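Let's take a walk through a protein model together, looking at how side chains meet one another. Have the sequence and the 3D view ready as you read.

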Amino acid sequence: MLSSLELVICDGNGIQTLSRKVIWITGASSGIGEALAYRLATAGCKIIISARRKDRLETLKQKCLETGQLTKEDVLILPLDLQDFESHKEAVAIAIKYFKCVDVLVNNAGRSQRALFEKTSFNVDRQLLEINTLGTISLTKALLPHMVEQKSGHIVVTSSIAGKHGVPGLCSYSASKHALHGWFDSFRIEAYRYNIGVTMVCPGPVFSEALTYAFTENTEKVRYLITMTVENEMRYNDNSIETIQDELLGVVSKPGEKRIPTSRCAHLIAVAIANKLDEVWITFQPELFYCYLFQYLPLVAFRL
C-alpha cells in the first residue's frame with residue numbers, strides 16, 4: 001500500500017477536471033515540484049513555476065511544452081526565494097497580472113535536514129523555520145486577498161510524514177513541518193466561508209535532491225561532506241558544484257533504495273488536488289502502518 005486509503009480510492013479519477021486551472025507550484029526546479037508541474041501540464045493546466053534556479057525552470061518549461069497540451073503563454077516562470085519575504089507580494093502581483101487569477105497554490109518549496117539535536121546550531125533551526133514555515137505562510141498570506149476576492153481557492157502544502165510524527169535526527173525539520181499543520185489546519189476552518197480549501201500532503205522518502213541540499217548541524221562539517229562527495233565521484237556536473245552552499249548534506253539517493261519515484265508521488269498529489277482531499281499520506285509500508293497507528297491508537301504507538 002502506497003498512500004492513505006482515501007487517496008487510493010480516488011486514484012486515477014478527476015485529474016482532467018483541473019484542465020485550464022491556474023496552478024502555482026513553488027520548489028519546481030527539481031524533485032516533487034518538477035514532477036508535479038509536468039504531470040499537471042499533461043492534464044492541460046496553466047502553470048506558474050517558481051524556484052531560485054531560473055535555468056532549471058527554463059528547462060522545465062520546455063519539457064512541459066513538449067506535452068503538446070500547453071502553449072508557451074500557459075507557463076509562467078516566476079523566480080522566487082521563500083526567505084525573501086518582502087518579495088512575495090510583488091511575485092503575487094506578477095502572477096495575478098499575467099493570468100488574472102490563481103486557482104491553486106502548491107506550497108512545495110522547502111529544505112530538509114539531518115542532524116542530532118545536541119549538535120544542531122540554532123542558526124539551522126532558524127533557517128529551516130524561515131524557509132519551510134514562515135516562507136510558506138508569507139507567500140500564502142500574500143495571495144489570500146485575491147482568493148478571498150474571487151471567493152474560491154485551494155492551498156496545497158507539501159509537508160512530510162515527519163510533519164505528523166517525530167523522527168530521530170530530524171528535530172528541526174520535523175518542527176518546521178509540524179508547524180505547517182498547526183497553521184493550515186486552523187486556517188482551513190477560517191477559510192471555509194470563503195470557499196478556500198486546504199490539502200496537506202505528507203510524503204515519505206522520495207527519490208529527489210532533498211538530501212543533497214539538506215542542512216546538517218553546522219557549516220564546517222558540511223564543507224567536508226561536500227568535498228568527500230565530489231571526491232567519491234557522485235557525478236555532479238560543473239553547474240551543480242558551483243551552486244553548492246556551505247550548509248549541504250551532499251547525499252545522493254541510489255537506485256534500489258526504498259523511496260517513492262517523484263512521478264508517482266506527483267500523480268498522487270494531482271489526484272489529491274483534483275479531489276480536494278484534506279490530508280494525504282504517501283509512503284510505503286511499514287511507515288504507512290505507523291501513520292494509521294499514531295492516528296487511531298496513539299497510546300499503543302508511543303509504546304512501541
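Let's begin with Phe 187, which is buried, with a relative accessible area of 10% (buried means under 20% relative accessible area, exposed over 50%, and partly exposed in between, using a 1.4 Å probe and protein chains only). What you see is a predicted model, where local features need pLDDT of at least 70, side-chain atom pairs count only at pLDDT 80 or more, and totals for chains, interfaces and linings use all residues. Residues are numbered from 1 along each chain as its sequence is written, and side-chain values use heavy atoms, leaving out hydrogens and water.

Phe 184 is buried too, with a relative accessible area of 0%. Both Phe 184 and Phe 187 lie in helix H6 (residues 171-191), three residues apart, about one turn of the helix. Helices (H or I, at least four residues) and strands (E, at least two) are DSSP runs, numbered from the N terminus.

How do we describe two rings that meet? A pair of aromatic rings is described by the distance of the centres and the angle of the planes. Rings of Phe, Tyr and Trp (its six-membered ring) pair if their centres lie within 6.5 Å; planes under 30 degrees apart count as stacked, over 60 as edge-to-face and the rest as tilted. This rule gives eight aromatic pairs.

Now for the charged side chains. The structure holds five salt bridges, each a side-chain nitrogen of Lys or Arg within 4 Å of a carboxyl oxygen of Asp or Glu. Among them is Arg 188 with Asp 278, whose closest N and O atoms are 3.7 Å apart. Arg 188 lies in helix H6 and Asp 278 in the loop between helix H9 (262-274) and S7, so this pair ties together parts that are 90 residues apart in sequence. Which of these two partners is buried and which is partly exposed? Arg 188 is buried at 18%, while Asp 278 is partly exposed at 45%. Asp 185 is linked with Arg 188 and Asp 278 in a network of salt bridges.

Another salt bridge joins Arg 126 and Glu 130, with the closest N and O atoms 3.1 Å apart. These two both lie in helix H5 (residues 122-150), four residues apart.
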